[in-house]
Amino acid sequence: MLNSPEEEILAKACEAIYRFALKGEENKATLLELGAVEPLTKLLTHEDKTVRRNATMIFGILASNNDVKKLLRELDVMNSIIAQLAPEEEVVIHEFASLCLANMSAEYTSKVQIFENGGLEPLIRLLASPDPDVKKNSIECIYNLVQDFQCRTTLQELNVVPPILDLLKSEYPIIQLLALKTLGVITNDKGARAMLRDNQGVDHLIKILETKELNDLHIEALSVIANCLEDMDTLILIQQTGGLKKLLSFAENSTIPDIQKNAAKAITKAAYDPEIRKLFHEQEVEKCLVALLGSENDGTKIAASQAISAMCENSGSKEFFNNQGIPQLILLLKGDNEEVREAASLALANLTTCNTANANAVAEADGVDPLINILSSTRDGAVANAATVLANLAMQEPLRVNIQNHDVVRALIGPLRSANTVVQSKAALTVAATACDVEARTELRNSGGLEPLVELLRSKNEEVRRHASWAVMVCANDELMAVELCKLGALDILEEVNLSDLCLQEPSDQRAVLLVNSKSSDVSPPPSTEDKSSDVGYGRSISSSSSLRRASKEKSNYHFSTGFGSPTEEKSEPPSGRNTAVSKGTTKEKGSRKVRGKKEEEKVKEEEEASTLPKLMGEGSPEKEWYPPFDPDFCVYVYEVTKSIFPITNIKEQIEVLAKYVAEKMGGKISKEKLHDFSWELHISELKFQLKSNVVPIGQIKKGIFYHRALLFKALADKIGIGCSLVRGEYCRAWNEVKLMNETPKGLIGVLPPPEVYIVDLMFHPGGLMKLRSREADLYRYL
């Protein structure tokens, strides 16, 4: 009958089919099997209004069936359905055409077809329809469409926000809910947030939150407000109209867990912006978050902890949580929910980073035990966070002793063996922070912690290698530990790390890698551990270790070219009163060599050369072993410094002469006023281009800025036994610090005053020493 030429028969057939389809999904499937869909599509464009209306009604019902949807897409009838939304059509046609589109728009391909056939504009127009069903279908279809970014962009151009805001006044909750859901999606875009603000949309949302009868809409309204909080202009408007205070009060006093959770999530999302964090702090958002920590709902506790983590970037917020917040977070660490413990430990990690007061507060609130317990958690994030907190606490000696008394070293063995690189990194960092005395290091060795620590040196993750190296350096302060680490292969692994493939990489816009290499160009000797590629972590100070340096020098005595010789071999007995750790090591080394004798020394050399010969000849390997680039200039520097500066007996004079020597080799004295004209960047770029590598040997740099000079000073100072540290800051800044003994005050014979720390000037007044009182103030004055 659908193929009948008579309009009355067509109309009645469609009406009967419509009633049949209303009965349920089984009937829709039957109609599909009987082949009703294709002839019905032709009736969508029939000249008779009744036939067209009835056919549209059928598709409104049939389109909820997935198989029908698929067939409709294949038949490409979207344009015919959208045509039924024309203003001149009856309301009932609008209702069922929009219902069909709402059903179809649930799938991506149909969304594309609706968009490409111009369906958005008529749907937006129908939001103002007098019929609530038309409004509901239209906003539902729009909600589905705005999940696609392109549709969202076009909607903004069509000024969709005002008609959607009007739907919030509807008496039908489903229409209000769909309107809020749609706003929740489109306000992810800044333009839509501006439109919402300009159309007083925030006021509508606040009013919904203030109306208890609309509590079924509160969660969605809060979701829209959360997006608005990310926009500074909108946030200021909310704050100026008192809306922010109302929002925080609403979140704090609400009895609906999802509302509290979403409010905390909204704060977290917005708090990543520093200006918004500042405004939140002024509005005392911290009080709300602390209150939410006491919620009975785990989701709310997690969201509140995450919000505290975000707010920690503000120093004022960090101070607030010192008394209120930290005790509550520690209580959460003792709970059973692993996700809650992870979120709470993250907040504590951020609170204690670079904040001694908060670290003390954690210890005073008995936080050490639960933190150590979390190290055995099944959640990697929780373990990493807890390790970070413990490392932060261990920066203070009294707290470090407290942590060690809670058997922290043994608890770290498991995290060191973790397969997660973040956990490995944080565990190694905590070992470095806690193994600062003989007892802790002995416990680490006895607990079997050295083996996994050495294994971490092989990690492909840069941060893991860095923290593991730091931990190994700390542990190697004990001779027994150093020997044990060498037995486990730590020295060999560090040599492998030193001989990385950085030299093989093409030059890039990244900062040059500086190579310190004092070995000769003769490829027969194996590499020594003394020659390191220096890249010190930000803000950290690395000082020479007598035991490590002693082992390194003992090995490297064989590897200097005959033209320059080993500084250690050329040294005479150090003068009395010299305050360097290397002096004792040198004396012991010489003594051991005298006992061992020359024959044994030559035997060791022959064995080493024999073991490396197959590698150098390429046996068993298609390629020869790689060696770092030769640096003849640096070898000359070592020779000259050893010959001219080492014999000087006064340590202060040694430092001054060495500083002037380094400055001369790196471009000479530079005044602060002309620092910007010192074209060192171009010089480094030229070197990278010439070498066809990002790795630049330190001796080839003739125009060096702060960090080039500081590294060269440190490398040469190590060669002649001047004790100094290399400290790296930000913005290409680095400096050397030395400790010098004061003169003994008159009348206090035999009493040694404490040494004072000085910064060595290598730039403006080379050789000058500036006493370090307040690091921040003095560095500002110097740099």
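## Helix α24 and its buried face

Let's start with helix α24, which spans residues 326–333 and has Ile326, Leu329, Ile330, Leu332 and Leu333 as its buried residues. Look down the axis of α24 and these buried residues sit within an arc of 155 degrees, so they line one face of the helix. One thing to keep in mind as you look around: this is a predicted model.

What do the buried residues of α24 pack against? Their partners are α21 (285–293), α22 (298–311), α25 (338–352), α26 (356–364) and α27 (368–374).

Now for the wider picture. The largest nonpolar core is made of 177 residues, and Leu229 and Phe280 are the ones with the most contacts inside it. Which helix gives the most to this core? That would be α28, covering residues 380–394, which puts in 10 residues. There is also a second, separate core, this one with 47 residues, including Val638, Ile655, Ile701 and Leu711.

As a bit of background, nonpolar side chains tend to be buried together in soluble globular proteins.

## A strand covered on both sides

Next, hop over to strand β4, residues 724–728. Here 5 of the 5 residues are buried, so β4 is largely enclosed by the rest of the structure. Both of its faces are covered: Cys724, Leu726 and Arg728 are buried on one side, while Ser725 and Val727 are buried on the other.

Which strand is joined to β4 by 5 bridges? It is β5 (residues 734–740), and the two run antiparallel.

## Salt bridges

Time for the charged side chains. Side chains of opposite charge can pair when their charged atoms come close. How many salt bridges does a search of the whole structure find? The count is 23.

One of them brings us back to α25, a helix that α24 packs against through its buried residues. The side chains of Glu338 and Arg341 meet there in a salt bridge, with 3.2 Å from N to O. Glu338 and Arg341 are 3 residues apart in α25, which means about one helical turn separates them. Are these two residues buried or partly exposed? Glu338 counts as partly exposed, at 24% relative accessibility, whereas Arg341 is buried, with a relative accessible area of 12%.

Another example lies in helix α44 (residues 706–720), where Asp718 and Lys714 are 4 residues apart, so about one helical turn separates them. Their side chains meet in a salt bridge at 3.3 Å, N to O. Lys714 is buried, with a relative accessible area of 8%. Elsewhere, salt bridges that share partners tie Asp407, Arg410 and Glu443 into one network.

Terms used. Residues are numbered from 1 along each chain as its sequence is written. This is a predicted model: local features need pLDDT of at least 70, side-chain atom pairs count only at pLDDT 80 or more; totals for chains, interfaces and linings use all residues. Side-chain values use heavy atoms; hydrogens and water are left out. A nonpolar core is a set of buried Ala, Val, Leu, Ile, Met, Phe, Trp, Tyr and Cys residues joined through side-chain atoms within 4.5 Å. Buried means under 20% relative accessible area, exposed over 50%, partly exposed in between (1.4 Å probe, protein chains only). The arc is that of the directions from the helix axis to the C-beta atoms. Contact means heavy atoms within 4.5 Å. Two strands pair if DSSP finds at least two bridges between them. A salt bridge is a side-chain nitrogen of Lys or Arg within 4 Å of a carboxyl oxygen of Asp or Glu.
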